[in-house]
Every structure is written in C-alpha cells, then in structure tokens.
Amino acid sequence: MSEVVYEASEVRRARYAVAAVFAVHGAVTGSFATRVPWIQDHASLSTGQLGLALAFTAFGASCSMPLAGRISHTFGSRNALRGLIALWTVSLILPALAPNLYTLCLAMFVYGASAGMADVAMNALGVEVERLLDKSIMSGLHGMWSAGALIGSAAGTLAAHLGSDARLHFALAAVALTLLGVLACRWVLDLQPAEDEEPPPRFALPPRSALLIGAVGFCAVFAEGASLDWSAVYLRDRLEASAGLAAASTTGFMLTMAVARIAGDTAVDRFGAVRTVRLGGVLAALGGLLVVVAGHPAVAMGGFALMGLGIAVVVPLCFAAAGRSGPNPSQAIAGVATITYTSGLVAPSLIGGVAQATSLMVSFCVVTVLSCGLAVFAGVLRAGERDRPKVSPPAAAVPDPRP
C-alpha cells in the first residue's frame, strides 16, 4: 500500500460520523426491544415460542457477519456501511408484520443478519479511527450506540404507553433512522483495498486470537441480550407491572449502559481493561441477584440498571482488543462478533426454554452466574492492551492505510 495522509480534521469528522452510525444502529435495537410484548401478543406466542423466534436474530447475525469483510472489500468501507446500515434500519419493520411463529422466525433471521453485517462494518471503521487517533474511543462509540438505543427505547416506551400499533411505530422509526444513517455515512473513512490485495473469504472460522477474547464478550452479550429481550416481559409477567412500566425497565437498562460507555474511555485509560471489566462483572452479578430476588418492579428495574452499568464497556473492549490482536483486524473483529452474537443466539432460547420449564426467575439465575464470568476471565483482555499516550499529539495529519 502507498502512504496516504488524512488531515486531522478529516479523522475528527470520521469519528463523529461513525459515532452517529453507532447511534442509529442502537436506536433500531432500542425501538424493537420495547415492543417485544406487543409482538408476542400479535403473533399469539407462548414464552417458549417467543424465545425460539428471538434466537433467530442472533442466528441470522452469526451466519452473515463473516460476509461483512468481503462486502467492504468489494464496495469500499463507506459504500458498504451505507448499504448495510440502510438494510438494518429498514428491517425493523419486518417483526411487527409477522402474524405467527414461522413468519416471525423468518423476519428475525433477516433482522439479525442485517444487524450483524452492519455491526462488523461500523466496528472495523471505529477501530481504524481509534488507531489513527492513538487514543481510546471504542467505549465512547458504543456509548453512542447505547444513547441511540436509549432514544429508541424511550420512544418505544411512549408508544407502548399510548397503546399504538407497533407496525406504524416501526415504519415511522425506520424512515427516520434510514435517512440519518445514510447521511452520516457520507463522512466516514472510505478505506479501499490495494489492487493486489486478495479478497477475504466469504466465510472463515474465527482466528485463534479471537477465541478467548470472544469468550468474555459471550458472557456480557448473554446478559445484555437477556435484559434487552426479556426485561419488559419479566416485569409484566412475574411482577405484574403495566406495559408502560415494563417498557421503562428496558429504558433504564439502556440508560446506565449509555452513561457508563460514554465515560468508559476515561476509566479504561486510567485503570486498564482488565480491572475495569472485573469491576463491571461484580456490578453485573449484583444486578442479576437483585432481579432474581425482586418482589417489586422498582427493585427489578434497579437490578437491570445495575447490570447495564456492569456490562457496558465489555463488548467495546473486546472489539478493541480483537482489532489489535492480529494482522487482520476485520477478520478478528468478525470472529469476536460471531462468538458474542452466538451468545445472543443462545440467550433468548435458553431464557425462554428455562422459563417454560421453571420460571423467568430461574432463567435470570443463569444470567447472574455468567455475569460472574466477566470478573473471572477478564485477564484475557490484557493481551490486547497497548500503551497509548494520555494526550494525543497535535499532529496536523495522520497516516492513512489506503492505497
């Protein structure tokens, strides 16, 4: 590759642009999560059937994520992200249109596949911007994802409180978010492969360097997916909360995640990834325990909020570590993303299956145990840490790997 130079202002714009894309991506997830009870009632599903349908989200993501590198190689990072984020926002409409279990499973597969490809593309660009800036930004980017999810869930909470039809709600949200996402992609980095660079394989197993890092992400995403998909159902079915209050539990969970991620880069630079994740694991386990023993909606909502605080920075730190762990950042990120989304594949079906056999309380005992794994296995992130200056040098231009 020939040496090309980015202006510092271009890199800063790219940082804000990719942050906006993260926010749009999160807003889709937040919008969907608050209307899961409506979708369950509309499709006439039992708890176990809902768990099966939700599992297709992560199944679709896990199948599609290895394709993201190939798409970016073929079309360039900017065009690839523009198309993938638009596909993701439009797919929000599909779950609300499904009238039964079979169509909902198909809708959730497409929804998850588009989510996974857009996720890998935007994280790869985020890691590249972090490398050019030479300072931690990944937690902040994921904080923007959580902020977007918070906005989406707040709008969904209002829609649920008003008793609106999720089909109309999702259609309006999809139009607005598609426009915002496509516009933001105008200023992201446009990385192009060298003329002699071989395209990545369409499908590839995760590299060895990604396996242990992905295991930590697995625990965090399991707790995140369980809280996002089941918190509203948990409050409604176990604690007899209203639809609006049940949806608000998802909003509280996303609020603590957003705050912790936005502040996370400062904590990571000061304490390091390992200690930050260990403390987060303790907080998440404590939150899970509160959910399990809760006899009142307020206690359960506090537990979900504490879980959000504890797991907030884990996934961005896993992606950042993966991006530094080998010669091919996109492949390593895709590997970690595949493992973490596999957790999302397991979580909904396991939570629903255990709840069908026993209760949702027992299901969240499983979540609490896995949250403890964050504290136990956080040390694997040490291999991905690198020394970075506390203050970035005021360079006028930054090296760019484009050919």
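Ser 325 in this predicted model is partly exposed, with a relative accessibility of 27%. That value falls in the middle class because buried means under 20% and exposed means over 50%. Ser 325 sits in the loop between H14 and H15. Along the sequence, Ser 325 is 112 residues away from Ile 213, yet the C-alpha atoms of these two residues are 9.5 Å apart in space.

The chain as a whole gives the setting for this pair. The chain contains 16 helices and two strands. Of its 403 residues, 57% are buried.

Next come the charged side chains. Side chains of opposite charge can pair when their charged atoms come close. How many salt bridges does the structure hold? The number is five.

One of them joins Arg 131 and Glu 128, with 2.8 Å from N to O. Both residues belong to helix H7, which covers residues 101-133, and they are three residues apart, so about one helical turn separates them. The two partners can be compared by their accessibility. Arg 131 is partly exposed at 44%, whereas Glu 128 is buried at 13%.

Another salt bridge is formed by the side chains of Arg 167 and Asp 165, where the N to O distance is 2.7 Å. Arg 167 has a relative accessible area of 38% and is partly exposed. Asp 165 is also partly exposed, with a value of 29%.

Glu 224 and Arg 261 form a salt bridge in which the closest N and O atoms are 3.9 Å apart. This pair links distant parts of the chain, since Glu 224 lies in helix H10 (residues 208-237) and Arg 261 in helix H11 (residues 243-271), 37 residues apart. Are these two residues buried or exposed? Both Glu 224 and Arg 261 are buried. The charged residues also include a group of three: salt bridges link Asp 41, Arg 236 and Asp 237 in a network.

The whole structure has seven aromatic pairs. In one of them, the ring centres of Trp 88 and Tyr 111 are 4.7 Å apart and the ring planes meet at 50°, so the pair is tilted. Trp 88 is in helix H5 (residues 77-90) and Tyr 111 is in helix H7, so to speak of the pair is to speak of a link between distant parts of the chain, 23 residues apart. Trp 88 is buried, with 1% relative accessibility, and Tyr 111 is buried, with 3%.

A further aromatic pair, Tyr 234 with Phe 304, is edge-to-face, with 6.0 Å from centre to centre and 85° between the planes. Because Tyr 234 belongs to helix H10 and Phe 304 to helix H13 (residues 297-311), the pair ties together parts that are 70 residues apart in sequence. Tyr 234 and Phe 304 are both buried.

How many cavities of 30 Å³ or more are counted? There is one cavity of 30 Å³ or more. The largest cavity holds about 530 Å³ of space. Its lining consists of 29 residues, and those nearest its centre are Thr 29, Trp 145, Glu 224, Leu 228 and Tyr 341. Several helices give two or more residues to this lining, among them helix H1 (8-33), helix H3 (47-64), helix H8 (138-162), helix H14 (314-323) and helix H15 (329-357). H10 is also one of these contributors. Which element gives the largest share of the lining? H7 does, with six residues.

Some residues and elements come up under more than one topic. Glu 224 takes part in the salt bridge with Arg 261 and is among the residues nearest the centre of the largest cavity. Helix H7 contains Arg 131 and Glu 128, and H7 also contributes to the lining of the largest cavity.

Technical notes: Residues are numbered from 1 along each chain as its sequence is written. This is a predicted model: local features need pLDDT of at least 70, side-chain atom pairs count only at pLDDT 80 or more; totals for chains, interfaces and linings use all residues. Side-chain values use heavy atoms; hydrogens and water are left out. Helices (H or I, at least four residues) and strands (E, at least two) are DSSP runs, numbered from the N terminus. Buried means under 20% relative accessible area, exposed over 50%, partly exposed in between (1.4 Å probe, protein chains only). A salt bridge is a side-chain nitrogen of Lys or Arg within 4 Å of a carboxyl oxygen of Asp or Glu. Rings of Phe, Tyr and Trp (its six-membered ring) pair if their centres lie within 6.5 Å; planes under 30 degrees apart count as stacked, over 60 as edge-to-face and the rest as tilted. On a 1 Å grid over the protein atoms alone, a cavity is a set of points where a 1.4 Å probe fits but cannot get out, and a pocket is an open set with protein on both sides within 12 Å along at least five of seven lines; lining residues have an atom within 4 Å of a point. Grid points are joined across faces, edges and corners, and a volume is the space filled by probe spheres set on the points.
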